[in-house]
Amino acid sequence: MAEERPVLVATEADDVTADMVITELNRRGVPVVRFNPADIGVDLTVSARFGTFPAAVAGKVYTPSRAADLTLLRAVYWRRPVWPAFDHLNIDDARFAAAQVRYGLGGILYALDGPLWVNHPLRNAAADYKPAQLAVAQRLGLTVPPTLVTNEPGEARRFVESHHQVIFKTLRWTPYQQDGVPVTGWADPVVASEIDESVRVTPHLFQAVVDKVADIRVLVVGRQVFAVRIESGMLDWRKDYSALSYSVEHLPDRVEKALLAYLDHFGLVSGSFDLAVDNAGDLWWLELNPNGQWGWLEEATGLAMSAAFAELLTQGVAP
């Protein structure tokens with residue numbers, strides 16, 4: 001029966017955003033099996049067979065309280081799963097074990113072609129390269145700030161000197177600590193005198209600052225578009241959430257269509273976009289997070305974001 005088809009939710013133990021969506025699924029009577037890859041061997045078991053059943057992939061995922069038949073899944077919500085690190089093993093054994101989980105558990109799930117993925121992790125990964133994001137955005141008619149990706153110090157200095165204000169942005173967020181204290185890579189201003197030969201070690205992303213009056217976070221769920229204007233007065237509004245104010249925004253049709261086309265390009269059914277609004281009211285593309293946070297925006301605006309996710313997962317098909 002259709003109502004017995006579960007939604008598989010892959011995420012970390014403490015995920016308020018996933019909780020919001022699961023609450024909405026529960027209201028619809030949709031069964032949910034939630035798991036975290038880091039729990040394998042303790043609270044997670046997987047078993048799959050190939051070549052012996054009519055279905056190309058047959059098997060189950062088990063948690064202490066639930067089980068999901070892989071042939072009956074209606075959707076997989078790939079939120080914020082954590083892969084195991086096996087810190088109790090020596091470095092070689094840990095590396096080996098971690099690879100077996102990624103390519104075993106991950107491989108089984110990636111082999112499924114029946115359920116709707118929101119989003120498929122391989123498609124998330126393909127969409128997570130900032131240089132590719134910038135190029136696709138421009139091709140779709142979105143306005144992109146002048147940007148340079150380089151490991152050549154001279155070119156970086158010339159770029160910084162040719163613009164009124166430039167920021168440095170990480171090409172990929174990674175966990176990072178200084179003296180044991182976690183740090184985050186903000187969008188920070190950079191001047192030419194700061195650029196030295198260490199730039200040669202890796203590519204760096206430099207971007208001209210948009211003379212903005214506000215930011216817009218856009219969440220797309222299927223074909224539903226939720227846009228929230230964020231007033232902060234800060235170069236990077238993520239530095240202080242307590243200083244933010246929010247209002248619901250309505251995007252121009254051409255921008256909305258471009259964002260939908262952007263997701264189609266990468267085969268995604270959801271994504272969180274960041275745009276900037278300048279003094280003339282024009283919108284500038286900044287970036288896409290294929291699996292970005294949005295829960296606090298629903299609480300601040302009342303927009304039915306979690307209900308949209310639940311409805312999409314319930315239907316189990318891309319609109």
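Two strands are taken to pair if DSSP finds at least two bridges between them. Helices (H or I, at least four residues) and strands (E, at least two) are DSSP runs, numbered from the N terminus. The model is predicted, so local features need pLDDT of at least 70 and side-chain atom pairs count only at pLDDT 80 or more, while totals for chains, interfaces and linings use all residues. Residues are numbered from 1 along each chain as its sequence is written, and side-chain values use heavy atoms, with hydrogens and water left out.

Begin with the antiparallel strands. Strand 15 (residues 224–231) pairs with strand 16 (residues 245–249) in the antiparallel sense over 5 bridges, and Glu 231 stands opposite Ser 245 in strand 16. Strand 15 also pairs with strand 14 (residues 212–221), again antiparallel, over 7 bridges. Here Arg 217 has Val 228 in strand 15 as its bridge partner. The hairpin of strand 14 and strand 15 has 2 residues between the strands, and Gly 222 takes a positive phi near 65 degrees there.

Strands of a sheet pair through backbone hydrogen bonds, either parallel or antiparallel. The parallel case is found in an open sheet of 4 strands in the order 2-1-6-7. Strand 2 (32–35) and strand 7 (116–118) are at the edges with a single partner strand each, so one side of each has no neighbour in the sheet. On average, neighbouring strands of this sheet are turned by 15 degrees against each other, direction ignored. Within the sheet, strand 1 (residues 7–10) and strand 6 (residues 75–78) pair in the parallel sense over 4 bridges, and Val 9 stands opposite Tyr 77 in strand 6. Helix 8 (residues 305–315) lies across strand 1, strand 6 and strand 7, and runs at about 155 degrees to strand 7. Such angles run from 0 to 180 degrees between N-to-C directions, with axes as lines fitted to C-alpha atoms, for helices over the stretch in contact.

Arg 5 lies in the segment before strand 1. At 29% relative accessibility, Arg 5 counts as partly exposed; buried means under 20% relative accessible area, exposed over 50%, and partly exposed in between (1.4 Å probe, protein chains only). What does Arg 5 contact, leaving aside its neighbours within four places in sequence? The residues are Val 30, Pro 31, Leu 72, Leu 73 and Arg 74, where contact means heavy atoms within 4.5 Å. Arg 5 and Val 30 are 25 residues apart in sequence, and their C-alpha atoms are 7.6 Å apart in space.

Two loops hold backbone features of note. Phe 86, in the loop between strand 6 and helix 2 (91–110), has a positive phi near 55 degrees although the residue is not glycine. At 19% relative accessibility, Phe 86 counts as buried. A cis peptide bond, with omega about -20 degrees, joins Val 118 and Asn 119; Asn 119 is in the loop between strand 7 and helix 3 (121–126).

Turn next to the aromatic rings. Rings of Phe, Tyr and Trp (its six-membered ring) pair if their centres lie within 6.5 Å; planes under 30 degrees apart count as stacked, over 60 as edge-to-face and the rest as tilted. By this rule there are 14 aromatic pairs. In one of them, the rings of Trp 294 and Phe 309 have centres 5.0 Å apart and planes at 10 degrees, so the pair is stacked. Trp 294 lies in the loop between strand 18 and helix 7 (295–301) and Phe 309 in helix 8, so the pair ties together parts that are 15 residues apart in sequence. Both Trp 294 and Phe 309 are buried. Elsewhere, Trp 78, Trp 83, Tyr 110 and Trp 117 form one aromatic cluster.

The axes of helix 4 and helix 6 come within 10 Å and cross at roughly 130 degrees. Helix 4 and helix 6 are therefore oblique to each other; angles under 35 degrees count as roughly parallel, over 145 as roughly antiparallel, 65 to 115 as roughly perpendicular and the rest as oblique. Gln 133, Val 136 and Ala 137 in helix 4 meet Tyr 262, His 265 and Phe 266 in helix 6. Helix 4 is followed by Gly 141, whose phi is positive, near 90 degrees.
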